[in-house]
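Work through the exercises below with the structure open beside you. Try each task before you read its solution.

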Amino acid sequence: MPKIKLAESAVQTIKEVCQKFGNKEGELINVLHGVQEKLGYLPAEVQEVIAHELTMSVAKVYGVVTFYSFFTMIPKGLYPVSICMGTACYVRGAEQVLHEFKRQLKVEVGQTTPDGKFSLSCLRCVGACGLAPVVMVGDKVYGRVAPLQVKQIIAEYHEGGVTQAAKSA
Amino acid sequence: MEMINLNIDNKPVVVLKGTTILEAAKSIGIHIPTLCYMKLDDLNIENKPGGCRICVVEVKGRRNLAPACCTEATDGMEVSTHTIRAVNARRTVLELILSDHPSDCLVCAKSGNCDLQNMAHRLGIREIHYKGEQSTYREDTSPAIIRELNKCILCRRCEMMCNDVQTVGVLSAINRGFNSVVSPAFEMNLDHSVCTYCGQCVAVCPTGALTEVDQTGAVVRALYDPTKTVIVQTAPAVRAALGEEFDMDAGTLVTGKMVAALRRLGFDYIFDTDFSADLTIMEEGTELLNRLKRHIEGDPTVKLPILTSCCPAWVKFFEHYFPDMKEIPSTARSPQQMFGSVAKTYFAEKLGIKREDMVVVSIMPCLAKKYECGRDEFSVNGNPDVDYALTTRELAALIKVSNIKFNSLPSEEFDKPMGESTGAGVIFGTTGGVIEAAVRTAYELYTGKELPKVEFEELRGMEGLRKATIDFNGLPINIGIAHGLGNARKLLEEIRSGNSWFHAIEIMSCPGGCIGGGGQPYHHGNAQILQKRQVAIYREDSNKTLRKSHQNPDIIKLYEEFLGKPMSHKAHQLLHTVYFDRTK
């Protein structure tokens, strides 16, 4: 894991979130949510500051971060791509769609492209089973996605033809 | 207190409200099998995550089976501990655990001492019906502890020890589901973490997931190297526990047999760490008196309380967590290191050999001693003062493999000069012992009077935190004792906040002190074993003619011939040390 030095402002942000929750160990999950919302992700250095502020061991913080899939130690891409792996999507070929995204973006699930543009993740059911298989890029939903369309979806974002919804995500 | 009545296996039992089914059953002699559960009575140490489900029992009127270790007994409850349903569930659970466990028992370091292996035997498992994925984790080796997590059954005992008892906080369960594993933060190696190598995780691990670094091979090679003079020292707590490895009762003293065994193994000189424990008292006791004198004279720069520094896990603990206070502990090296340093100077000179041709092996109840002897400041030109630190368990293994019939060995004596010791050196092996030894000497040096009674009952016991005031002829000396790093932390926080009442504090990392060390024969959750070892240590002390460190004739001679006096320049060079801030 590359070691980064946290900016003073980031440390300040973390401390403020911790303080908001009374620097209590029992508020760890809320603190992690708050910090991830502000900083985008929870790298080791961030977890160390949180552990220090809440007077708990960094191993315990890491334990919680790795338990919940919502928390991430890798910065999400500018355009987070999520492929639904719920039952309906799965039986209608979500796996092939996922495979095509991996191939095109050259990343595995949970990773971000080196240029920071795309990150790839899986999720379970977005409540649009009628459109299966479903892919989300940011907040924008793509339905009935076939592997052949994947290249085109990616291209939309490469060319800058981005909808406002996807950008804000 | 409210009492409740219940029936277990058709036997009536009355227990206090709040008692678990497991404890209630135990009180009438019914032992429900357990695996993740562990309780050390009187030490306030308990692990009951209810995780493994081996202890399930049938409770009348309850739909599912109840885990006995964490289900409270209730009034009128009817419990059956070995119905076919309960027994089958237990066996299924165990088979599932075994389905994700390597079947390399024959060559596992824990073989014969493994709770999982014993349980498979007890439940008569002959086949594992479930074939599934096997965990694959990389092995992690540190100076003292090896983590082989493919063998981990997630009982969480190590995590409980590391966090709740020791407050070191290195280990935590991480990840989820099948990928769960107990690990340091960010899956870093143990030697990059703040691990103190106290070894309490190893002491309680039910399987071979956590074991010590085995150095018996290196020691055997040294013994068979004709160019080396191999010297061994044995820590006080070893003699009170080694017998357990040879089926003797806990608390059997095997000092003489241990010496005989070491001689048969081929060590050239069999010496005693108790000798250097006496030496530690001379240095640490003098340091205590110096600080007290300056305190009485009103010197505001004097650092009190003085803290003992014999325990390497404790030293590493304060270097990580309390580096701002690193001037407070005594600068005296531990007995192991004092021994090595004196052996490779004073004794090497006597023999007329170079330090490079001498190998110093220590037999320790401890895992942190393996780390300690590798610290840079304890070597000269790359040659360590102590070359290898073996645990009590490793010594037992060496004796067994060498075909020595330990139980029928005669009792033999340590060699001279570094084998001579007093009762004060012996009691270093138990919580309270170092400070009692220090008091015996400091009292006489300070008052110039003979102690009316050498036993200080007020300093003894198994309470995690103890305090007592000893009257030094009108000068009350306040003494604190902590064993277990969580207890030590409490005293340190008091000192940090400036509210400490103490003049001197003894700290040992392991519950019970060295008798409960991470390198001792496994106690398998039986705290009585620790109690018996403690009794044995005090018995060894009372059997000695000399009970005070400053009476040790060979220590007196060592100062006359070599060191001068305690805290002399030479003593500083060889017997004292400095501490480091490890937060950087």
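Predicted model: local features only at pLDDT ≥ 70, side-chain atom pairs only at ≥ 80, totals over all residues.

Residues are numbered from 1 along each chain as its sequence is written, while chains are lettered from A and ligands numbered from 1 in the order in which they are written.

**Exercise 1. Helix packing**

Task: Describe how H1(A) passes H3(A).

Solution. Start with the elements. Helices (H or I, at least four residues) and strands (E, at least two) are DSSP runs, numbered from the N terminus. H1 covers residues 8–20 of chain A, and H3 covers residues 44–53 of chain A.

Next, take the angle. The two axes come within 10 Å and cross at roughly 40 degrees. Axes are lines fitted to C-alpha atoms, for helices over the stretch in contact, and angles run from 0 to 180 degrees between N-to-C directions. Under 35 degrees is roughly parallel, over 145 roughly antiparallel, 65 to 115 roughly perpendicular, and the rest oblique. H1(A) and H3(A) are therefore oblique to each other.

Last, list the contact. H1(A) brings A:Val11, A:Ile14, A:Lys15 and A:Cys18, and H3(A) brings A:Val46, A:Val49, A:Ile50 and A:Glu53. Contact means C-beta atoms, placed from the backbone, within 7 Å.

**Exercise 2. Domains and chains**

Task: State how chain A is divided, and which helix of chain A gives the most to the side that touches chain B.

Solution. Begin with the domains. Domain 1 of chain A spans 8–67 and domain 2 spans 79–168. These bounds come from an automatic or database domain assignment. Their C-alpha centres lie 30 Å apart.

Now the chains. Contact links 10 residues of chain A with 12 residues of chain B. Helix H4 (residues 58–67) of chain A gives the most to the chain A side, with 7 residues.

**Exercise 3. One residue in chain B**

Task: Is B:Ala86 buried or exposed?

Solution. Locate the residue. B:Ala86 is in helix H2 (residues 84–99) of chain B. Count neighbours: B:Ala86 has 21 C-beta neighbours inside 10 Å, so this residue is buried. The cut-offs are 20 or more other C-beta atoms within 10 Å for buried, 12 or fewer for exposed, and partly exposed in between, with C-beta atoms placed from the backbone.

Look along the chain too. B:Val57 is 29 residues away in sequence, yet its C-alpha atom and that of B:Ala86 are separated by 5.4 Å.

**Exercise 4. Backbone exceptions**

Task: Where is the residue A:Pro133 found, and what is phi of A:Lys106?

Solution. Most residues other than glycine have a negative phi, and most peptide bonds are trans.

Check the peptide bonds. A cis bond joins A:Ala132 and A:Pro133, with omega about -10 degrees. A:Pro133 sits in the loop between strand E2 (118–123) and strand E3 (135–137) of chain A. Another cis bond joins B:Lys416 and B:Pro417, with omega about 5 degrees.

Then check phi. A:Lys106 has a positive phi near 55 degrees. A:Lys106 is exposed, with 10 C-beta neighbours inside 10 Å. B:Arg156 also has a positive phi, of about 70 degrees. B:Arg156 is buried, with 21 other C-beta atoms within 10 Å.

Terms used. Left-handed = near helix turned anticlockwise from the far one by under 90°. Contact = placed C-beta atoms within 7 Å.
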